[in-house]
Amino acid sequence: MATATYPPPPPYYKLYKDYLQDPKSAPEPPPPIEGTYVCYGGNYTTDDILPSLEDQGVRQLYPKGPNIDFKKELRSLNRELQLHILELADILVERPSQYARRVEDISLIFKNLHHLLNSLRPHQARATLIHILELQIQRRKQAVEDIKRRREEAQRLLKESIGTLEDTGASFVLK
């Protein structure tokens with residue numbers, strides 16, 4: 001058994017043997033996990049919240065609060081990043097032994113940029129969902145218009161056919 005190429009299925013497959021005849025005979029699935037859980041030795045949570053930079057032990061370079069101007073702060077951090085990269089290039093040329101501090105500063109700016117972009121993810125997801133729903137509505141409206149157009153065309157062809165039949169003397173009643 002331990003050396004088999006394909007081991008037998010787990011014993012609980014027998015719980016599902018009458019599933020095709022009676023789907024209610026199978027056990028109910030387990031309830032969804034709420035709160036924290038352990039998976040492969042790591043603690044995880046089902047709450048989808050973005051931890052603050054302070055919780056991660058990183059200094060926040062942009063103002064705190066709910067009313068953040070994301071565009072302004074991203075531009076500011078981008079300019080600061082460009083400045084620090086230029087300063088790093090100067091330091092590497094003039095004093096190569098002192099580069100570590102600039103690399104730490106650049107890392108801090110990248111972490112802040114990353115956190116700021118991650119805080120925009122819910123807005124991006126909402127906008128993407130709205131866009132997808134608008135496209136679906138547009139496609140359905142086009143499909144309805146196409147059906148109406150084809151129905152009108154079919155009615156026109158049917159009336160022409162009835163007219164042709166009446167001209168030939170055939171009697172036909174359309175209900």
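The model is predicted, so local features are reported at pLDDT of at least 70 and side-chain atom pairs only at pLDDT 80 or more, whereas totals for chains, interfaces and linings use all residues. Residues are numbered from 1 along each chain as its sequence is written, and side-chain values use heavy atoms, with hydrogens and water left out.

Helix α2 covers residues 99-118; helices here are DSSP runs of H or I with at least four residues, strands are runs of E with at least two, and both are numbered from the N terminus. The expected span of a helix is 1.5 Å times one less than its number of residues, so the 20 residues of α2 should span 28 Å, in agreement with the 29 Å between its end C-alpha atoms. The buried residues of this helix are D105, I106, L108, I109, N112, L113, H115 and L116, where buried means under 20% relative accessible area, exposed over 50%, and partly exposed in between, using a 1.4 Å probe and protein chains only. These buried residues pack against α1, residues 70-94, with contact meaning heavy atoms within 4.5 Å.

Side chains of opposite charge can pair when their charged atoms come close. A salt bridge is counted when a side-chain nitrogen of Lys or Arg lies within 4 Å of a carboxyl oxygen of Asp or Glu, and by this rule there are 10 salt bridges. One of them joins the side chains of E87 and R102 at 3.1 Å, N to O; because E87 lies in helix α1 and R102 in helix α2, the pair ties together parts that are 15 residues apart in sequence. E87 is partly exposed at 25% relative accessible area, and R102 is partly exposed at 23%. R102 also meets D105 in a salt bridge of 3.5 Å, N to O, and these two residues, 3 apart in helix α2, are separated by about one helical turn. D105 is buried, with a relative accessible area of 11%.

In helix α3, D146 and R150 are 4 residues apart, again about one helical turn, and they form a salt bridge whose closest N and O atoms are 3.1 Å apart. D146 is partly exposed at 25%, while R150 counts as exposed at 52% relative accessibility. Salt bridges that share partners join E87, R101, R102, E104 and D105 into one network.

Helix α3 spans residues 121-167 and includes R121, which is partly exposed at 44%. R121 and L50 are 71 residues apart in sequence, and their C-alpha atoms are 9.9 Å apart in space.
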